[in-house]
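How do two copies of a chain come to be related to each other? In general, two copies are related by a rotation about an axis and a shift along it. The paragraphs below follow this idea through a predicted model.

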Number of protein chains: 2
Amino acid sequence: MESPPSPHRDPDGGEARRRTATIYEVAERAGVSIATVSRVLRGTIPVAPGTAERVREAVAELRYRPSHLGRGLAERQHAANGIVFPDLSGPYYAEVVLGYESVAAELGRSVLILSSHGRPTARDMVLDLAARVDGLVVCTRTVDDETVREVAATGTPVVLIARPPVADVDTITTENRDSAARLADHLLGHGYRRFVFLGDADRSSDFAERFEGVRQVIPAIIPITCGFDEDGGFRAAEAVRLQKPDAVICGNDEVALGLTRATRGSVPVTGWDDVMAARYAGLTTVRQPMRELGARAARLLDERITGARGEPHHDILPTQLVVRSSCGPHPKEET
Amino acid sequence: MESPPSPHRDPDGGEARRRTATIYEVAERAGVSIATVSRVLRGTIPVAPGTAERVREAVAELRYRPSHLGRGLAERQHAANGIVFPDLSGPYYAEVVLGYESVAAELGRSVLILSSHGRPTARDMVLDLAARVDGLVVCTRTVDDETVREVAATGTPVVLIARPPVADVDTITTENRDSAARLADHLLGHGYRRFVFLGDADRSSDFAERFEGVRQVIPAIIPITCGFDEDGGFRAAEAVRLQKPDAVICGNDEVALGLTRATRGSVPVTGWDDVMAARYAGLTTVRQPMRELGARAARLLDERITGARGEPHHDILPTQLVVRSSCGPHPKEET
DNA sequence: CTGGCACATGTAAGCGCTTACAACAAGACC
DNA sequence: GGTCTTGTTGTAAGCGCTTACATGTGCCAG
């Protein structure tokens, strides 16, 4: 019972700056082997009640917390998921991440985040992240298909958000084309005839689909490229003005808001996402369930990690047209 | 050179569903020992150029990525930091996290996030998180002082954001009292005399300090408690109305915005934070450098983790009054 | 020719866990 | 009383890495 020959460092001595107790110290204190401690903690194999009690006491006294590193190595899993997104500055990704974290936490998994910030090293960072999680969510075009394929090839499940499928990886998107067409219809109902689409369809499949949806209804729409944020919309004002459009359909709310600021509301505008500021700016937009997007991703990922499902899923979440004042005066026509 | 007696599983055979290559396979392929592979990868000890080249080739061919678990165990560190916040729905924490991630990534550390969501198990979740990171940032009142102390006691550095110091842990806050007093002065300049402070000073030290700052100038101010989000402000409208205030000073922008929505702008209001929506709502507020808050936290943490600094820091970041229209008409008085 | 040294590399002991397998004690059964 | 269970616990082999130490080689001074 006294000091079983453990290969580990002498557990007594200066209690002071010890990082944290190990399973060996708990075992010694409880007078059992480390295997028994492990069994009590994980509840895998029944342990005599008295023994279990002693172990639990030792755990409490030592404030023992199992090392995730040790456990992970032995179990060959991380109990953690990752999520990669371009940025967190807009409300969009914040909401997605929030929904994701919320479900992942419920499922007992930690969440590692990685913002690519458009860094050129994004590929490496993602590969690195993939090596420390059991599954990964990749938002939009943060890395190229090749990288996604490489991660998937190592056996790490991947879920793509707002991005076209790669290999047989799961994807979740929100409905774009139909709502875009509906939005266009609405604008046509205002009597507008000359349109500009503001955004960057090449760098986002969401934008591309929205553009396509609109163009189905308004073939002559003029695309103008700009950045994804307020600043992008603001700077594009001059280019937009040159086209003298009756209305501008923006790829997202931030661009719409930025443009509105530049034009001081002189041009009818619509956005996409329905962020908080959109409500206060009276922006007509399309609401998409951002939080749900993240939550679903977490669940799909979990199904893959636990092996509950084999075939790839491609979910599409519904969106909703929200008419406010930014598209101009109009006989009320709510959706 | 052929199959050195390794205790590990036979590395050849079905390449198909292998999770990922190990250092043993790289070593075998390059015809060296695992020690040499490790040395090449980490660059710790010089290796003959030819050998190094062979190792690098093997690494590339096998798409080898070192296991963070193995490495972490051996090095006794996680190369990861955590951050705990109550929620990510408002822009405030999203910005903080963004700034934090940005710097942490630069420093080569992964970021684990944990949203407490007011869950009763928050304490355990934080303790658990602490066991898988090298350092931890705790925002606001997500967990009690006891928990912070316990984490700090295990030797894991902790940085507190927007929260009073605990033990000798680092803290970062933004300036509240003075700006609050300045804000109050400004409102007095409008000729207002009867004030309400809307927020929950008991659950946030930021709110408490803002309230104190205001009360220094307006001793008779009436505090009303409400939730931290738009909904909280919206619901408090009736209680506020009963007090017939000349102006309402809210603890943050979201509350102010919610209240404004309920009163339809009939009562002068101020917020705090300067979130995106505040600009569009014309909200008079106090801007605080949210992203910088996170960035500084990441740096302070790093200093502690690397042991570059011993004494605790208590940083206070400056804030800035932003006057817009929500506080009512007034001879222009910018700050 | 030999001892010594620098350099390159291999050997093996951990890091903190999980778990297959072995060992052992106490009944149960014939 | 002997054998077989059943229940409980210990032993030890990994999991994939890092690194102190040992080993081996080539070269130079003596």
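Two strands are said to pair if DSSP finds at least two bridges between them. In this predicted model, β2(A) and strand β2 (residues 110–115) of chain B are joined by three bridges and run antiparallel. Within this pairing, V111(A) stands opposite I113(B) in β2(B).

The overall arrangement of the chains may be considered next.

In chain A, 56 residues are in contact with 56 residues of chain B. The two chains bury about 4700 Å² between them, and 56% of this lies on carbon and sulfur atoms. R65(A), L69(A) and Y280(A) supply 15% of the area that chain A buries against chain B, more than any other three residues.

Polar interactions also link the chains. There are 28 residue pairs in polar contact between chain A and chain B, and the count of salt bridges between them is six. R65(A) takes part in a salt bridge with D124(B), at 3.0 Å from N to O. Several elements give two or more residues to the side of chain A that touches chain B, among them β2 (110–115) and α6 (122–130) of chain A. The most comes from α5(A), with seven residues. By type, the residues of this side divide into 23 nonpolar, 15 polar and 18 charged.

How values were computed:
Residues are numbered from 1 along each chain as its sequence is written. Chains are lettered from A and ligands numbered from 1 in the order in which they are written. This is a predicted model: local features need pLDDT of at least 70, side-chain atom pairs count only at pLDDT 80 or more; totals for chains, interfaces and linings use all residues. Side-chain values use heavy atoms; hydrogens and water are left out. Contact means heavy atoms within 4.5 Å. Buried area is the accessible area (1.4 Å probe) that two parts lose on being put together, summed over both. A salt bridge is a side-chain nitrogen of Lys or Arg within 4 Å of a carboxyl oxygen of Asp or Glu. A polar contact is a pair of N or O atoms within 3.5 Å; within protein, one must be able to donate a hydrogen and the other to accept it, and residues adjacent in sequence count only if both atoms are side-chain atoms. Helices (H or I, at least four residues) and strands (E, at least two) are DSSP runs, numbered from the N terminus. Ala, Val, Leu, Ile, Met, Phe, Trp, Tyr, Cys and Pro count as nonpolar, Asp, Glu, Lys and Arg as charged, and the others, Gly among them, as polar.
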